[in-house]
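Trainee: Please pick one part of this model and take me through it closely. Then go on to the other parts, step by step.

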Amino acid sequence: MGFSLDNVVPWGRSYDEYVGMFSLTTDDLAGRILGCGDGPASFNCTLSRRGGSVLSIDPLYSFSTGEIRHRIEVTFHEVMKQVRENQDEFLWTSIGSPEVLATTRMSAMNDFLADYDKGCDEKRYVHGELPSLPFDDNQFDLALSSHFLFLYSEQLNLEFHLASIRELCRVAADVRLFPLLELGAKRSRHLDILTSRLRKEGYGLEINSVDYEFQRGGNKMMKITSSPLKR
Ligand SMILES: C[S@@+](CC[C@H](N)C(=O)[O-])C[C@H]1O[C@@H](n2cnc3c(N)ncnc32)[C@H](O)[C@@H]1O
């Protein structure tokens, strides 16, 4: 089945949230960064404006600015309704309320929309999707994936997760994934077996606590380094 905009709920986080989720240091931010599944997040827009090197890849980028804006408008109220109905799943400390969340997310997505055409021309927003990426081996220093892998563990099976992580490790020396929860704020059903399989294959793998937590219990980031067997 092809990727259809009707099935997408575009929802984008901010640069500061990416820095928190992935514990990004000044050195990290100075490298060549791939954002995989960045959707309408504003990380690329903000980092590029600050002189960083970042490329985002997402199936969403086959659509025009107008189509993505329309889809955001159509889905925004439904997402906010679900957040209000499930407020207990979230920690309202740094983002103080659903109203603040709505403003924060819309501000990030508006920054993305304002940058999108320019970013496509500059090849900073590239259409593509896991588990196969159109990049050279080690083209990036760091690959980040926020709220895609693990989050959709019910819909995307273990083999998809393994193939995607191996592919991210092929193109980047340092791969970071956040959060390790699936929808419903539950620990991903794939986590234990996936961790053990990747370690057996020789990947370096750490699970680190980070300062960012919005989904309750979602303050863990997986960091994977390329297989020593392949070096
Ligand atoms: C919940 S959004 C997260 C957006 C952004 N990373 C953030 O945290 O704000 C998930 C994104 O994954 C993208 N996606 C869906 N299938 C994908 C695939 N096979 N490979 C890469 N990204 C995919 C969607 O288009 C969507 O933009």
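**Glu 182 and other parts of the model**

Mentor: Leaving out neighbours within four places in sequence, Glu 182 is in contact with Phe 150, Leu 151, Ser 153, Arg 187, Ser 188, Arg 189 and Gln 215. Keep in mind that this is a predicted model. Glu 182 belongs to strand 6, which covers residues 181–182. Glu 182 counts as buried because its relative accessible area is 4%, and the cut-off for buried is under 20%.

Next, take strand 1, residues 32–36. Of its 5 residues, 4 are buried, so the strand is mostly covered. Strand 1 runs parallel to strand 2 (residues 53–57), and 5 bridges join the two. In this pairing, Gly 35 stands opposite Ser 56 of strand 2. Strand 1 also runs parallel to strand 4 (residues 140–146), to which 3 bridges join it. There, Ile 33 has Leu 142 as its bridge partner.

Beyond residues up to four places away in sequence, Leu 101 touches Trp 11, Met 80, Val 83, Trp 92, Ile 95 and Phe 214.

Now the aromatic rings. A pair of rings is described by how far apart the centres are and by the angle between the planes. The whole structure has 17 aromatic pairs. One of them, Tyr 61 with Tyr 116, is tilted, with 5.8 Å from centre to centre and 50 degrees between the planes. This pair links distant parts of the chain, 55 residues apart: Tyr 61 is in the loop between strand 2 and helix 4, and Tyr 116 is in helix 5. Both Tyr 61 and Tyr 116 are buried.

Over the face of Tyr 15 lies Arg 50, at 4.4 Å from the ring centre.

Conventions: Residues are numbered from 1 along each chain as its sequence is written. This is a predicted model: local features need pLDDT of at least 70, side-chain atom pairs count only at pLDDT 80 or more; totals for chains, interfaces and linings use all residues. Side-chain values use heavy atoms; hydrogens and water are left out. Buried means under 20% relative accessible area, exposed over 50%, partly exposed in between (1.4 Å probe, protein chains only). Two strands pair if DSSP finds at least two bridges between them. Contact means heavy atoms within 4.5 Å. Rings of Phe, Tyr and Trp (its six-membered ring) pair if their centres lie within 6.5 Å; planes under 30 degrees apart count as stacked, over 60 as edge-to-face and the rest as tilted. A charge sits over a ring if NZ of Lys or CZ of Arg is within 6 Å of the ring centre and within 35 degrees of the ring normal.
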